[in-house]
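Here are my notes for you, as numbered points. Please keep the model open beside you while you read.

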Amino acid sequence: MLGTVLSAMMLATLAIETIAVAAKPNVLFIMADDLNTALSGYGHPQCKTPNLDKLAKTGVSFTRAYCQYPICGPSRASIMTGQYPEKNGVLDNGGKVKKDRITLPRLFRDNGYWVGRVGKIYHLGVPGEVMGGLSASDHAPSWDYVYNLHAMESLTPGKAEDLTGEDSTSKYPELREEWKRRKPGVKKLMIPGNHQGSDQVVVETADDNCLLADGMSADRAIELLRERAVDKKPFFLGVGFLRPHTPYVAPAKDFAQYDYREMKAPSVAEYATADIPAQAKGKDMQPDRTKRRKIRRGYYGSVSYMDRMLGRVLDELDRLGLRENTIIVFVSDHGYLLGEHNAWAKSKLWEESTRVPLIISAPGQSASAVECDHFVELVDLYPTVVELAGLPADTGTQGLSLAELLNTPQAVSGRQDAFIQVEGGYGLRSGKWAYMWYPATKKYEEGFMLFDMDKDPKQIRNLAANPEHAETRERLHQRLVERKESAKN
């Protein structure tokens with residue numbers, strides 16, 4: 001009799017535990033690569049992102065979200081560890097997160113979740129590692145399952161045009177054959193010329209998603225969602241889309257939405273200022289007006305393609321009935337410069353390089369289709385997602401949870417400014433001010449920049465040397481030094 005009672009109690013306990021596990025929210029963590037805020041949902045007049053706009057209607061869009069380091073490796077490591085780069089030690093694209101670090105996905109894994117990665121979450125070299133089927137900077141303890149991309153990238157058959165670097169397009173047919181001969185996961189494939197991140201190459205393909213990295217990611221993410229829907233175990237799925245990172249590879253129909261002649265691209269003269277530090281200036285890569293417009297078209301077309309693949313994944317989440325119990329985070333690792341300040345790509349403290357789109361949609365949140373104008377940092381995502389899922393907090397994180405802002409976007413925020421760093425420089429966004437400091441080195445003199453973002457949102461007039469703003473500069477400098485020191489601890 002006692003055995004029967006104990007068995008019944010054990011079955012009841014098991015049933016309760018099963019219900020508790022089933023009630024845990026899933027997490028779909030989606031990250032784009034090199035995506036700035038030039039999006040229709042963020043008020044951009046040209047770039048079309050209907051699926052991101054649709055997602056924003058179910059969540060909160062953060063209008064002043066900033067990365068901690070505008071380079072892929074450090075930014076992604078900061079997001080996944082919940083720590084500033086000075087704390088986790090990843091200060092360049094060659095750095096790796098320590099194996100013993102309880103990363104965001106690993107915390108979910110340790111708490112009974114199935115955890116998987118599709119595409120680029122931690123850093124990987126684009127396009128070299130993608131063409132080689134590699135992911136050398138991944139953090140293995142974070143995942144139960146990984147899907148590494150193996151795509152042709154620049155070599156994808158289609159109309160190719162190199163707008164800024166050494167034109168190697170004539171060698172593509174030969175290189176495609178080399179790609180086909182190589183086994184994935186052995187060695188990255190390098191294309192002659194500057195094709196490893198900054199070269200502005202546009203490739204218009206046939207609408208064949210199986211050849212394209214983001215199509216592959218969407219396909220695999222959909223397959224995994226179908227598996228998770230059957231398994232019923234709560235999941236944390238990280239989906240890393242590559243676009244709009246160069247090369248700008250997308251189907252012709254996505255580029256067809258944009259006429260390069262209509263693209264609004266900044267001119268060289270618009271940002272021809274002499275009062276900025278040498279460290280803030282871009283590389284000597286100044287394409288002519290036509291090429292600038294074509295680059296914009298390439299970038300926007302890639303964004304629209306990524307948005308379309310995002311839509312496929314979100315539609316499947318809805319079809320499977322998983323949406324109501326899934327926390328969705330959409331973010332970019334950092335912004336991107338498209339000729340503003342006569343600079344290109346990232347790694348600078350300018351607004352276009354450091355500000356990112358961030359949308360969070362979570363079960364039970366009361367705010368939706370609204371914007372939050374508080375300063376937030378990407379280091380805040382770790383504690384936010386953990387709190388939303390009801391998991392125990394990780395004491396090693398340095399961010400602040402944004403969970404309350406999902407219910408009351410205008411509530412008082414614990415974060416009053418945003419801290420960013422680059423190699424040799426530090427930035428602070430506080431109130432209406434953008435302040436940058438470049439300490440002196442053997443190569444460069446100490447440099448300062450101060451911009452009134454209300455009056456000068458394009459950051460053209462540097463007020464750092466203006467006596468009228470000396471008190472503001474001193475106050476912001478002290479705060480920046482405080483943030484810099486606290487980021488280490």
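1. Charges first: the protein carries 63 positive and 63 negative side chains, and the centres of these two sets are 2 Å apart. Lys and Arg count as positive and Asp and Glu as negative, while His and the chain ends are not counted. Each charge is placed at NZ of Lys, CZ of Arg, CG of Asp or CD of Glu.

2. A word on what you are looking at. This is a predicted model, in which local features need pLDDT of at least 70 and side-chain atom pairs count only at pLDDT 80 or more, whereas totals for chains, interfaces and linings use all residues. Residues are numbered from 1 along each chain as its sequence is written, and side-chain values use heavy atoms, leaving out hydrogens and water.

3. How confident is the predictor? The mean pLDDT (confidence in each residue, from 0 to 100) is 93, and 94% of the residues reach 70 or more. Over residues 4-22, though, the pLDDT is below 50, and this stretch has two contacts in the model beyond near neighbours in sequence; a contact means heavy atoms within 4.5 Å.

4. On the overall fold, you will find 13 helices and 17 strands. These are DSSP runs numbered from the N terminus, with helices (H or I) of at least four residues and strands (E) of at least two. Among contacts between residues at least 6 apart in sequence, 76% join residues at least 24 apart.

5. Buried residues make up 58% of the 489 in the protein. Here buried means under 20% relative accessible area, exposed over 50%, and partly exposed in between, with a 1.4 Å probe and protein chains only.

6. Helix H12 (residues 381-389) deserves a look: seven of its nine residues are buried. Among them are Leu 381, Tyr 382 and Pro 383. Which elements cover the buried residues of H12? The cover includes strands S1 (26-33), S9 (326-332), S12 (355-361) and S13 (370-377), together with helices H3 (72-81) and H5 (104-110). Just after H12, Gly 390 takes a positive phi of about 75°.

7. Finally, Glu 351 sits in helix H11 (residues 351-354). Is Glu 351 buried or exposed? Glu 351 is buried, at a relative accessible area of 11%. Leaving aside residues up to four places away in sequence, Glu 351 touches Tyr 66, Arg 429, Met 453 and Gln 459.

Key. pLDDT = per-residue confidence, 0-100.
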